[in-house]
Amino acid sequence: METAPPSLVSKARTAFNSAAAKAERVFTDLKSDREEEKQSTRNVNDSQEENEVKTQGWRTAHIRKKQEWQNKLKNLRIGRKEVEDQDKVEDSAMAAPFYDENFYILKAKQEQEAKASDVGCMVESLNAVDANSIPLASVVKQLAVAIEAGKRAKNVKDFVASSGSSSPVRERGGLSLSAVKSLVLGEKEDKLGFDSGDEDKLVSLINALFNVDSGFLSRKIVSDLESPTNRSSFAKDLHAAPPSSFVVKLAEVIGSFTTPRRMALFWCRVVEELRRFWSEEKHIPWIPLDNNPDLKSCLLHQWLQVINCCLARKARNVAASEALDAVMRQASSANEESDVSESMGSLLYAKSNSGELILRLGVYNQVENLTMLETGEPVYSPITQEGPLLTEDLIRETEELVLRTGSMGAGCSQLLSDMQAFKAANPGCILEDFVRWHSPPDWTENGNMSGDDSSPVRGQLSTRMQKEGNLWRELWETAKPLPAVKQAPLFDEDLAVEGILNYLEDIPAAELFEQLFTSLVSLGFVMVEPVLATNDDLSKLFFECKDYVVAICQGGAWTDKLDDLCQVYETVETMLLRPEEVLRSMKQTEESPSSGSETKRRFKRLGFIFRGSKERKQTRVPSETEQKSTEPSPRQSFSSLFDGKSSLFSKRPPRPENVTLV
């Protein structure tokens, strides 16, 4: 019987088994070859290691291993991440100190100590500032850096939140190389802000800034600029804070921090301290105690003036209220004892047409040569409510409201308040008496043609006062005799200051740093001018620098010229500290304009800047001195409505000196 031929399936199974057997033999051969190769390599490495030990017998295996770790860390620092060790560390005692985790912990600790010492050194340097030195150019540049960085944030809070994740390299637009370098160096610490170790130093810095007796950052402004007018003229040209004000000291402190984020964080601390001073009724140092806002200074200085002025007003209101209560108690006691005649020596009374004695309330002083037309009693000036404290921004808003609506509501309220206070101080008075005291131009004296001295009519009101529906007459009829301290306040000091503090918390970062920048630049020029103005060699260059700064800062887009302004300020600083270097550089620049030194390049650049500024001189805004001979602007005319000199609010009595907080 013949065997059946193998099927197709059996043939395939046989071929598959044969291939698997061959593959297994090949794999076994490869494995054995690899083991032999590894053994050969190990023998070669051992031989090389023995030779190295022979040539460097003083090095142990452990030290070689330590050196390998050091090389690895070095490679990692320079970015060679592909360099890795293939062998494991045999001695854990030698390898432990060089683990990556320990290395980064050590590095973080060193950075923290460096940051703490940085703040400490800054505080020490500020405390040791010489009274004859001007602010450093590096501080001015740092404020310029902050202006550029603050343009991308809506307010200071957003700036603090966003600057930690921003790249300082992107903040270099339009700035010099030194400004960009300061940004790059501060990248890592800018993300972290202050550490807990900085707290004590920051508290001491805040205390020094708010302590008027500490002499902190006091500067000596000499000779020709001692008078307040000359001293503040340049600051007003730049619309900056006065040279010795709180804002200037604050600008130098904030500009001394190394990063914009730290600068903004410190500003937040300053606002907290301002709130504390207000709640404790303390005046802000180096700010006038009781002056109306100076509209020629920066808004920040004006707001701080309002805070101090509100404190003084509150103190006066309390004193006036207590004085009125004492008068009322004394008069009440005299009425109960039916002994009014004895109290007339200390209290003021007015006799009515019927002969009744009526107590005068809220009296300030007697007006000379003025008596009431109907009773013949002397006219007394009342203590009136003080008008609103208007800063530049509020005047602008009020002007827009008046032009848009034609309303004079605030003026009517003030006029009604004055009428009520006048009636309380002058019982039996009439509208004509008030007009003669408050607005003398609206009263015309008549000659007594009949010769009868008893005639009560000795003049007449102006035409506008006699018109039917005159506002003054309508207000007079509604006014009640009421002392100013008992009236509803026209200006709420608490509400005004709370609004200012809230705005300072959310002030746009760029707006804040711009005001600090111009104020600090102003101080530097004010201090330098008496020295350089008398130097025949440098005075021309100095006044060119000064004119350029005024022309640029009075322009609309001066923040686009921050790098040029910093360069000009640095040149002025060099003229003061190293005049011989400036003279030498100027001479060499004229002889060899292609010279490549930094100082010579700066003077070449300054020449280009000043040429451009001379082309703009015809259109620049005139300085304060030049404006004295020109007509007042529309805004100045409008603001005169609130200074107590217009016909509408003309006769305003001075504040009582005995209740003024000094």
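A charge sits over a ring if NZ of Lys or CZ of Arg is within 6 Å of the ring centre and within 35 degrees of the ring normal. First, the ground rules. This is a predicted model, where local features need pLDDT of at least 70, side-chain atom pairs count only at pLDDT 80 or more, and totals for chains, interfaces and linings use all residues. Residues are numbered from 1 along each chain as its sequence is written, and side-chain values use heavy atoms, leaving out hydrogens and water.

Now the lysines. K282 has its charged end over the ring of F277, 5.6 Å from the centre. K423 lies over the face of W476, at 4.5 Å from the ring centre.

Next, helices, meaning DSSP runs of H or I with at least four residues, numbered from the N terminus. Take helix 22, residues 539-553, and helix 23, residues 562-577. They pack at about 155°, axes 10 Å apart. Axes here are lines fitted to C-alpha atoms over the stretch in contact, and angles run from 0 to 180 degrees between N-to-C directions.

Who touches whom? Contact means heavy atoms within 4.5 Å. Helix 22 brings residues including F542, Y548 and I552; helix 23 brings residues including L565, V568 and M575.

Last pair. Helix 11, residues 246-255, packs on helix 21, residues 509-532, at about 105°, with axes 8 Å apart. That makes helix 11 roughly perpendicular to helix 21. Among the contact residues are V247 and L250 of helix 11, and F513 and L516 of helix 21.

Conventions
Helix = DSSP H or I, 4+ residues; strand = E, 2+ residues; numbered from the N terminus. Parallel < 35°, antiparallel > 145°, perpendicular 65-115°, else oblique.
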